[in-house]
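Hi,

Here's the structure I promised to pass on.

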Amino acid sequence: MAHAFLPNELCNEVNSLQLGLTTDMAYCTYPCLPIFQDNLILPFSAETRDHKRLKRSISVAESIIGGGDINLYSGNNNSTLSRSNSSSSLNSLQFRDHVLTYTQRYLAAEVIEEAASAINASHEEDESADGMKLVQLLIACAEAVACRDKSHASVLLSELRANALVFGSSFQRVASCFVQGLADRLTSVQPLGAFAPNNFIDIASDKKEEAFSLVYEICPHIKFGHFIANLAIKEAFEGESFVHVVDLGMTLGLPHGHQWRKLIHSLANRPGQPPQRLRITAVGLSDKFQIIGLELEAYARKLGMKMEFSVIKSSLESLKPEDIKVFDDEVLVVNSILQLHCVVKESRGALNSVLKIIHELSPKVLVLVEQDSSHNGPFFLGRFMEALHYYAAIFDSLDAMLPKYDTRRAKMEQFYFAQEINNIVSCEGPARVERHERVDQWRRRMTRAGFTAAPIKMMSQAKQWLGKHNVCDGYTVAEEKGCLVLGWKSKPIVAASCWKC
């Protein structure tokens, strides 16, 4: 029985009762009655428990003195206790004392159980009330920051810091990230209402990389995107001998090129012949691309495939059509994993430019994987509420996947997700790059750029993938107008879509 849930006074009273009775009962055991061992009660069956609760309406004195027969064993009503090598029996008074003792102990145990249940329910209600208070404080503070009311916002931030604990519940932890974002936004507000340049303390790159690697290994978001993208790419390359992938951002320079290792393995082992040549072109500014390329080329050689890797060292905004070399005899696919939202700006010029270049390349398919949430609305409060809802779901999933004080979880939350939250909440203008949008908004953007949706018909494979990789219960896959959406308890997290010219 979980005494830890009980007030100290009740614990002491129950323990003294049990200790006082144990000495008297040490010499006699009743196999049909509950047994206490180390302050634990071996549970009754449901039937026996219900029977005992019905008996509680009759007092212990009435059940013994009233002359009712108490049958400890099925069979003979003359209850007798036999000991090995002994013919002595307990007298009637001793027997009644033992029955009274065990009954009292059972009732004491039920008092503990009921008190624990009541306290647990009260604890859950308190947590819910605390969560509601945090939400109200966050919204009030966001409104004050939006109105540039520094004095009121500062008071609310002080109260929030006392309640939003970095090692608290999942919502307390996510609230702490939003509190920091609000504080940073408040410090950027100038008296005349303009925003000062963002001068936040930058997290060391090695900590960011470690956190991102942990997100890849533990959370299914990126792996899900890689899996769906590779299925679509393999389908596009089916029966083709010369194939080319242009990878925008190379998944932020994730070490070892995990997505392409899996694709190379699949192509090398596909029915018939593997491609005669696979080309992979990485677009981005990371210094790690060349190292990743050398590893992938060595891996392809090991599997008997010819592979060529090249790097276009350019940001997406600066990308030019002539930067990407495409041969006439090859099938081209463009891959974008969590990249295009970074070039969504207020003017939409940068994104339109990138999409125009891709369209001119005439790829057989463009695979797009993005966070499925509206963090790019025109109004700060709307973005704030959308982000709060989205990241609360992610932090809740981390609670289900990792123990409370696991350092890996703290690293992911503080060095990866907290950085995204801070950018959404505290930054404006070109500095705000985490401009996630809903899949419907992406559908409109892609259609205006001349692309046609290619429905992904891989629902069964996606569900099998969730089961095969032992993804935490709570994650779901849904089909939405030809897109596949990975969610946590039906809250969308990432969406994968395919597009043709």
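Strands S10 (residues 483-488) and S11 run antiparallel and are joined by five bridges, with Leu 484 standing opposite Ala 496 in S11. Strands here are DSSP runs of E with at least two residues, helices are runs of H or I with at least four, and both are numbered from the N terminus; two strands pair if DSSP finds at least two bridges between them. Two residues lie between the strands of this hairpin, where Lys 489 takes a positive phi near 50°.

Before I go on: this is a predicted model, with local features needing pLDDT of at least 70 and side-chain atom pairs counting only at pLDDT 80 or more, while totals for chains, interfaces and linings use all residues. Residues are numbered from 1 along each chain as its sequence is written, and side-chain values use heavy atoms, leaving out hydrogens and water.

S7 (residues 365-371) pairs with S11 in the antiparallel sense over six bridges, and Gln 371 sits opposite Val 494. S8 (residues 452-453) also pairs antiparallel with S11, over two bridges, with Thr 452 opposite Lys 500. Nine of the ten S11 residues are buried (under 20% relative accessible area, 1.4 Å probe, protein chains only).

Then the helices: H13 (residues 380-401) and H14 (residues 407-426) pack at about 170°, axes 10 Å apart (lines fitted to C-alpha atoms over the stretch in contact, angles from 0 to 180 degrees between N-to-C directions). They are therefore roughly antiparallel (over 145 degrees).

Cheers

Note on methods
Angles under 35 degrees count as roughly parallel, over 145 as roughly antiparallel, 65 to 115 as roughly perpendicular and the rest as oblique. Buried means under 20% relative accessible area, exposed over 50%, partly exposed in between (1.4 Å probe, protein chains only).
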